[in-house]
Amino acid sequence: MKKTISFAVLHFTVAFTVAYLLTGELLTASLIALIEPAVNTVAFYFHDLGWHKLKPDHSLQAKTSSFALVHFSVAFGVAYLLSGELLTGGPANYHHVSGDD
């Protein structure tokens with residue numbers, strides 16, 4: 001459990017920093033940093049549990065690669081749902097300008 005807690009703290013710090021650098025928005029970055037690591041921490045626990053039951057003979061590298069895919073999917077999904085942008089940071093203050101406005 002200590003490993004999971006330290007992972008959550010580290011992940012929160014990294015998630016906030018990256019989200020803020022990409023969005024430039026404190027609220028969005030804070031929400032991403034709170035929700036994404038929480039979801040990924042739970043996903044990590046169940047991935048680890050399932051891995052030991054379903055694939056105990058597979059390599060650590062396969063397990064790490066498998067979780068990296070889960071992690072990326074969760075991170076992307078949360079960032080997209082909270083920011084509404086496929087490329088969360090790009091650019092933070094972009095506004096569509098057309099002659100119809």
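In the predicted model, residues 24 or more positions apart account for 57% of the contacts in the protein with a separation of 6 or more, a contact being defined by heavy atoms within 4.5 Å. Of the 101 residues, 23% count as buried, that is, under 20% relative accessible area with a 1.4 Å probe and protein chains only. The protein has 3 helices and 0 strands, and the order from the N terminus is α-α-α. Helices (H or I, at least four residues) and strands (E, at least two) are DSSP runs, numbered from the N terminus.

The axes of H2 (residues 26–54) and H3 (residues 60–83) come within 9 Å and cross at roughly 150°; axes are lines fitted to C-alpha atoms over the stretch in contact, with angles from 0 to 180 degrees between N-to-C directions. H2 and H3 are therefore roughly antiparallel to each other, the term applying to angles over 145 degrees. The residues of this contact divide into 15 nonpolar, 7 polar and 3 charged, where Ala, Val, Leu, Ile, Met, Phe, Trp, Tyr, Cys and Pro count as nonpolar, Asp, Glu, Lys and Arg as charged, and the others, Gly among them, as polar.

Within H3, Lys63, Phe67, Val74, Val78 and Ala79 are buried, and the buried residues of H3 pack against H2. Just after H3, Gly84 adopts a positive phi of about 75°.

Residues are numbered from 1 along each chain as its sequence is written. Local features need pLDDT of at least 70, side-chain atom pairs count only at pLDDT 80 or more, totals for chains, interfaces and linings use all residues, and side-chain values use heavy atoms, with hydrogens and water left out.

Conventions
Angles under 35 degrees count as roughly parallel, over 145 as roughly antiparallel, 65 to 115 as roughly perpendicular and the rest as oblique. Buried means under 20% relative accessible area, exposed over 50%, partly exposed in between (1.4 Å probe, protein chains only).
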